[in-house]
Amino acid sequence: MRTLVARLDSDGDVLLAGPAVRAAAAAGEVVFLCGPGGVHAAELLPGVTRIVEWECPWIANPAPEVRPFDVEAVTALLHGIRADVALILTSFHQSPLPLALILRLAGVPKIVARSTDYPGSLLDVRVTGDPDVPEAQRALEVAHAAGFALPDGDDGRLAVVDPPRTDLSHPYVVVHPGASAPARTWSPDRWAKAVVALTAAGSRVVVTGGPAEAGLTEHVAGACGTDLGGRTSFRELAGILAGADAVVVGNTGPAHLAAAVGTPVVSLFAPVVPAVRWAPHGKHVLLGDQNAPCRGTRARECPVPGHPCLDLVDPADVVAAVAEVTA
């Protein structure tokens, strides 16, 4: 049995597909189709045999052009995989049907996905149901509909392959201030004040971020924190998060990576997307006004002056939340 699992978003979305991947892998080989932003997470998922990268024009942001040559090329590539079944994993606001059409043209005999729209003959199994479920559960339900089940002893939590050990001395708390959508994280000055507050409360603080976030992490770390911005791979970040007592982070991929390595999360969570779907799938404390005016807008830039859903959170609240999750 060869299963193609498609999740074409970013690293966090790919991590949330992990339980569905493990269910499919219990029945055979899994080929994972992901976008450029999800490759590093796909490399860490238990059960993935092969990774195929494709920048999907109706998922990627900013979106590339839809070019006939590219569509023909990916159709031929998918045809060559010879999958027995395909699982298309999407968020509630995404349609699986364009990819289902390509998979059908590629000759995949069984295609399973959630779809609000009538799929006609594009899907063999159409999953519906309550949209307000955790994203990892939403994906796992698609795997269940295809006939896959988690193996005995698998509790369905997020997981990654064993991360490397870190050379950082313990104990420490990780602060990860960046996010691909600015609306989904605290303002930089609030992060910097939280590092000062955590240090004053007795925590050693390590600040992490990607290469493009080096200026942000330097500002946030200040004179108190250890700045690792741009100095770790995604796999190395997993090791750093695994060694932490707690991780303080916005709604972004490292929140799910922390959950996958079993580290409790203090989540600065803006309600632009629902927490019931996207909050960390593990031990966590949620901070932020979940009934703020930006609720449910899916905005990437905060639509409300002053970013009140998060910037009204006091750094002392973060210190208290870290104490709570590490108690």
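Start by selecting Asp70 and Arg67: their side chains meet in a salt bridge, 2.6 Å from N to O (the term means a side-chain nitrogen of Lys or Arg within 4 Å of a carboxyl oxygen of Asp or Glu). Asp70 is partly exposed at 25% relative accessible area, and Arg67 is partly exposed at 46% (buried is under 20%, exposed over 50%, partly exposed in between, with a 1.4 Å probe and protein chains only).

Before moving on, know that this is a predicted model, where local features need pLDDT of at least 70, side-chain atom pairs count only at pLDDT 80 or more, and totals for chains, interfaces and linings use all residues. Residues are numbered from 1 along each chain as its sequence is written, and side-chain values use heavy atoms, leaving out hydrogens and water.

Next, pick Arg7 and Asp9. Their closest N and O atoms sit 2.8 Å apart in a salt bridge, and both residues are buried.

Now colour helix H6, residues 135-145 (helices are DSSP runs of H or I with at least four residues, strands are E runs of at least two, and both are numbered from the N terminus). Its buried residues include Glu135, Leu140 and Val142. Among the elements covering them are helix H1 (11-16) and strand S4 (85-88). Just past H6, click Gly147, which takes a positive phi of about 100 degrees.

Last stop: Thr217, in helix H8 (residues 214-221). Is Thr217 buried or exposed? At 0% relative accessibility, Thr217 counts as buried. Leaving aside neighbours within four places in sequence, Thr217 is in contact (heavy atoms within 4.5 Å) with residues including Pro177, Val207 and Asp227.
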